[in-house]
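Work through these exercises with the model open beside you. Try each task before you read its solution.

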Amino acid sequence: MQLFTLAQIKEKLSYDLDIFDGDFINLESELPGYINEAIDDAEAIIHKLYEDYFLSRATITLVNGTAQYALPTDIYSAKIRGIYYNDGTKKYEIKRIKKFSQLLNIDANSDEYGYILLNNGATNTVTGNFKIELQPPSREASSSNVTIFYIRNAKRLSADTDYCDIPEFINFIYAHVKYNVSKKEKIGQDLTVTGTLLREQKLLMEQVLSDMVPDEGNNIEGDMSFYQDFDD
C-alpha cells in the first residue's frame, strides 16, 4: 500500500479542484486543515469499527521510587489494551486496580505491580492529563521491563514530507476535502456530487473495516472474568 505525503495529497486535490492560485483556498494553511479534518473523521470511524487498526506498543522506563508515568504521546483517549512486565524471568500482566481498598494491603517489597489510571490537573497539550500510577512504586532503576499496548491516534499532517498513515482510506480523505470545499463554494451541483461521493467512500470504508479480522485462529480462551472479579 502506497503512502502519500501531505505535498502529494495537496497536489492531487489542487488538480482535482482546480485551486492552484490559492485565492479561494489557501493551499498552505486552509487546505491542510481540511485534510486533517478528514483524517479526524476517518480516525473516528476506524476507532468505532476496528480500533486495532491503530494498535501500538511502547516501553515504559521505570525509575526507582517513581510511581507515576506519562502515557505515550500518540495515545488515543487513554485507550490502554494491556500493560505487561517481563524482566526475562518474571512475566505477568500488570492489572488495573479496580478497588482502591487494595492499596492498603500492598507490600512495596514483594507484590507484583498494579496500576491506576489518573487524570491529574497538570495540563499537557499532547497527552492530556492522563498518567498511570504503579502500585507499589517502581523498585527498579532505569528498567525497560514494562511494555504498554495501546490504541494510538492517526497521524496529523503538518510538514509537506509527513505521510498519511491510513493509506487504505485515502479516497475517503479526498472525498471529504472535496465536499468541504464545495460547501465553501456553495455551488449546489458540485455539493450534490461531492456529497454522494463522500457517502460512497464512507460506506466502502465501513465495509472494509467491518470485514477486518486479526487472523483466522480458532482458539477459544476460557472466560475467567468471574473469578477475577471475585478475587478483586
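**Exercise 1. Which residues in H1 meet which residues in H3?**

Solution. Start with the ground rules. This is a predicted model, where local features need pLDDT of at least 70, side-chain atom pairs count only at pLDDT 80 or more, and totals for chains, interfaces and linings use all residues. Residues are numbered from 1 along each chain as its sequence is written, and side-chain values use heavy atoms, with hydrogens and water left out.

Step 1. Find the helices: H1 covers residues 6–17 and H3 covers residues 170–185. Helices here are DSSP runs of H or I with at least four residues, strands are E runs of at least two, and both are numbered from the N terminus.

Step 2. Look for contacts, meaning heavy atoms within 4.5 Å. From H1 come Ile9, Lys12, Leu13, Asp16 and Leu17; from H3 come Ile170, Tyr174, Val177, Lys178 and Val181.

Step 3. Sort them by class. The contact of H1 with H3 has 7 nonpolar, no polar and 3 charged residues. (Ala, Val, Leu, Ile, Met, Phe, Trp, Tyr, Cys and Pro count as nonpolar; Asp, Glu, Lys and Arg as charged; the others, Gly among them, as polar.)

**Exercise 2. Which residues have the most contacts inside the largest nonpolar core?**

Solution. Step 1. Define the core: a set of buried Ala, Val, Leu, Ile, Met, Phe, Trp, Tyr and Cys residues joined through side-chain atoms within 4.5 Å. Buried means under 20% relative accessible area, exposed over 50%, and partly exposed in between, with a 1.4 Å probe and protein chains only.

Step 2. Read off the answer. The largest core has 34 residues, and Ile35 and Ile166 have the most contacts inside it.

Step 3. See which elements build it. H1, H2 (30–50), H3 and H4 (188–211) each give two or more residues to this core. H2 gives the most, with 9 residues.

Step 4. Zoom in on Ile35. Leaving aside neighbours within four places in sequence, Ile35 is in contact with Leu6, Ile9, Lys10, Leu13, Leu157, Ile173 and Val177.

**Exercise 3. Is leucine 198 buried or exposed?**

Solution. Step 1. Locate leucine 198 in helix H4.

Step 2. Check its accessibility. The relative value is 15%, so leucine 198 counts as buried.

Step 3. List its partners. Not counting residues up to four places away in sequence, leucine 198 touches Phe172, Ala175, His176 and Tyr179.

Step 4. Compare chain and space. Leucine 198 and tyrosine 174 are 24 residues apart along the chain, and their C-alpha atoms are separated by 8.6 Å.

Definitions and conventions: Axes fitted to C-alpha atoms, helices over the stretch in contact; angles between N-to-C directions.
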